[in-house]
Protein chains: 2
Amino acid sequence: MTKKDAILQTATYLFSRKGYKDTAMGELSKMTGVAEGTIFYHFKSKQGVFLAILGSLKEGILPEFERYRKAESEKTGLDMVEESLSFYLYMAKSREDLFAILHQRYPYELAESNPECRDILEAIYNCFVDIFESAITGGQEDGSIDPALTARKSALIVFSMVDSMVRFRMNNLYDVGALYKELIDSCRRMLENRKR
Amino acid sequence: MTKKDAILQTATYLFSRKGYKDTAMGELSKMTGVAEGTIFYHFKSKQGVFLAILGSLKEGILPEFERYRKAESEKTGLDMVEESLSFYLYMAKSREDLFAILHQRYPYELAESNPECRDILEAIYNCFVDIFESAITGGQEDGSIDPALTARKSALIVFSMVDSMVRFRMNNLYDVGALYKELIDSCRRMLENRKR
DNA sequence: TAAGAAACTGACTGAGCACTCAGTCTAATT
DNA sequence: AATTAGACTGAGTGCTCAGTCAGTTTCTTA
């Protein structure tokens with residue numbers, strides 16, 4: 001692995017665990033086993049390191065979500081929503097670093113003034129919501145989901161629930177495992193087509 | 001107003017707007033119109049200021065939520081849930097400072113090692129969830145809400161939705177106003193008693 | 001009104017920080 | 001073997017910051 005990649009890897013670890021402000025460049029250089037100057041040779045600033053990370057996290061996760069979204073399935077749309085929720089929660093755990101970063105204040109603060117950051121965040125969130133929207137649209141076609149609903153908006157509502165679950169888990173607020181069944185049931189009741 | 005109170009007031013403003021780390025004690029003293037030493041005369045550290053703020057925000061908001069929860073109403077439980085959602089969103093706007101602080105990383109980080117902070121956060125969140133739980137329990141009694149649901153867990157699900165809405169609004173992610181109707185409808189579909 | 005207590009002050013301290021830069025090392029090219 | 005460009009180094013720089021403290025002012029009470 002190149003030193004540049006090693007820096008990015010360690011930085012991802014540190015930024016996601018300790019937050020942007022609480023990560024010192026000296027610590028990053030030490031933990032990577034690289035001189036501090038090397039970091040600034042490859043990246044123009046601490047912010048630059050952060051943007052590089054966010055970009056590469058995006059590049060890593062978007063295809064996975066896209067692939068999942070496009071995968072054919074025998075299931076009804078309503079069942080797909082349930083599966084998408086599982087998939088999202090699974091991804092939030094296996095890619096904890098990205099999700100931890102997305103639940104910090106810094107990226108949104110940066111997005112205010114940095115369009116590149118804004119674009120990356122938008123792409124990531126759109127991709128997240130898309131998997132739910134696809135399932136809902138599918139469900140409206142196969143009759144399992146109420147056709148009167150606006151797919152995008154319902155997708156955002158569903159997303160708002162899992163997003164909070166992830167936040168609760170991250171901040172040790174509630175035991176999310178204990179809520180999983182209710183989460184699924186609630187989404188089903190919320191979306192299902194009762195006219196059939 | 002005493003200088004101590006003035007410090008707390010300015011600190012609330014700064015911490016909620018700029019975050020804990022990005023607020024300097026020098027800035028706090030200047031903006032309050034008080035010497036830096038005065039802050040450390042009244043509070044033993046920056047963390048002490050933060051805890052004092054969090055405590056007083058709790059003292060301020062808990063009674064309001066309690067009063068609301070206990071208020072008598074002619075409405076059905078299901079309608080009360082809708083009203084509680086409105087109330088919560090209204091409070092999130094009028095007490096933006098508290099909600100902005102609750103959506104930062106620092107309080108949860110602090111809660112890991114500081115039981116006092118942990119207790120305050122727990123009290124606040126319990127109170128938030130309680131207003132939804134009360135409405136749901138009421139609804140189960142008057143028959144408007146499905147009695148098969150676990151009130152507390154459903155309340156947490158409802159809370160997870162508004163909590164995300166507030167987060168979306170705070171981070172300029174989505175236009176929450178445009179989702180308000182869907183939020184209400186979703187909760188109704190999720191909770192209502194269909195057996196009647 | 002005197003004396004003690006409490007409130008307040010702001011220059012100072014030392015630690016930590018992001019970032020720089022003059023120079024070294026490495027490897028490819030001529 | 002000499003040249004050169006890119007990769008890398010780490011001591012140094014200037015700044016910011018939380019917290020201190022010796023001293024001053026204001027309030028309280030006897």
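This is a predicted model: local features need pLDDT of at least 70, side-chain atom pairs count only at pLDDT 80 or more; totals for chains, interfaces and linings use all residues.
Chain A comprises 10 helices and zero strands, and its elements follow one another along the sequence in the pattern α-α-α-α-α-α-α-α-α-α. The C-alpha trace of chain A extends over about 65 × 30 × 30 Å along its principal axes. Of the 196 residues of this chain, 39% count as buried. Among contacts in chain A with a separation of 6 or more, 70% are made by residues 24 or more positions apart.

Helix α8 of chain A covers residues 115-142; at 1.5 Å a residue, its 28 residues should span 40 Å, and the end C-alpha atoms lie 39 Å apart, which agrees with that expectation. Several residues of α8(A) are buried, including Cys117(A), Ile120(A), Leu121(A) and Phe128(A). Further along the helix, the buried residues include Ile131(A), Phe132(A), Glu133(A), Ala135(A) and Ile136(A), as well as Gly138(A), Gly139(A) and Gln140(A). An α-helix has 3.6 residues a turn, so residues three or four places apart point the same way. The elements that cover the buried residues of α8(A) include α4 (46-70), α5 (77-94), α7 (106-113), α9 (151-170) and α10 (180-191) of chain A. Just after α8(A), a positive phi of about 90 degrees is adopted by Gly143(A).

Chain B is superposed on chain A by a rotation of 180 degrees with 0.0 Å of shift along the axis, at an RMSD of 0.0 Å. The two copies are thus related as by a two-fold rotation axis. In the interface, 26 residues of chain B are in contact with 26 residues of chain A. On the side of chain B that touches chain A, α9 (151-170) and α10 (180-191) of chain B each supply at least two residues. The largest share of this side, nine residues, comes from α9(B). By class, the side of chain B that touches chain A consists of 11 nonpolar, nine polar and six charged residues. Because 100% of the interface residues of chain B are also interface residues in chain A, the copies meet through the same surface.

Both chains contribute to the surroundings of each DNA strand. Around DNA strand C there are 16 residues, of which Met25(A), Gly37(A), Lys46(A), Ala35(B) and Gly37(B) are the closest. At least two residues of the surface near DNA strand C are supplied by each of α2 (25-32) and α3 of chain A and α1 (3-18) and α3 of chain B. The element that gives the most to this surface is α3(B), with four residues. Six nonpolar, five polar and five charged residues make up the surface near DNA strand C.

For the surface near DNA strand D, α1 (3-18) and α3 (36-42) of chain A and α2 (25-32) and α3 (36-42) of chain B each provide at least two residues. Here α3(A) gives the most, with four residues. The composition of the surface near DNA strand D is six nonpolar, five polar and five charged residues.

Conventions:
Residues are numbered from 1 along each chain as its sequence is written. Chains are lettered from A and ligands numbered from 1 in the order in which they are written. Copies are superposed by least squares on the C-alpha atoms of residues with pLDDT of at least 70 in both. Two residues are in contact if their C-beta atoms, placed from the backbone, lie within 7 Å. Ala, Val, Leu, Ile, Met, Phe, Trp, Tyr, Cys and Pro count as nonpolar, Asp, Glu, Lys and Arg as charged, and the others, Gly among them, as polar. A residue is near a molecule or strand if its C-beta atom, placed from the backbone, lies within 6 Å of it. The expected span of a helix is 1.5 Å times one less than its number of residues. A residue is buried if 20 or more other C-beta atoms lie within 10 Å of its own, exposed if 12 or fewer, and partly exposed in between; C-beta atoms are placed from the backbone.
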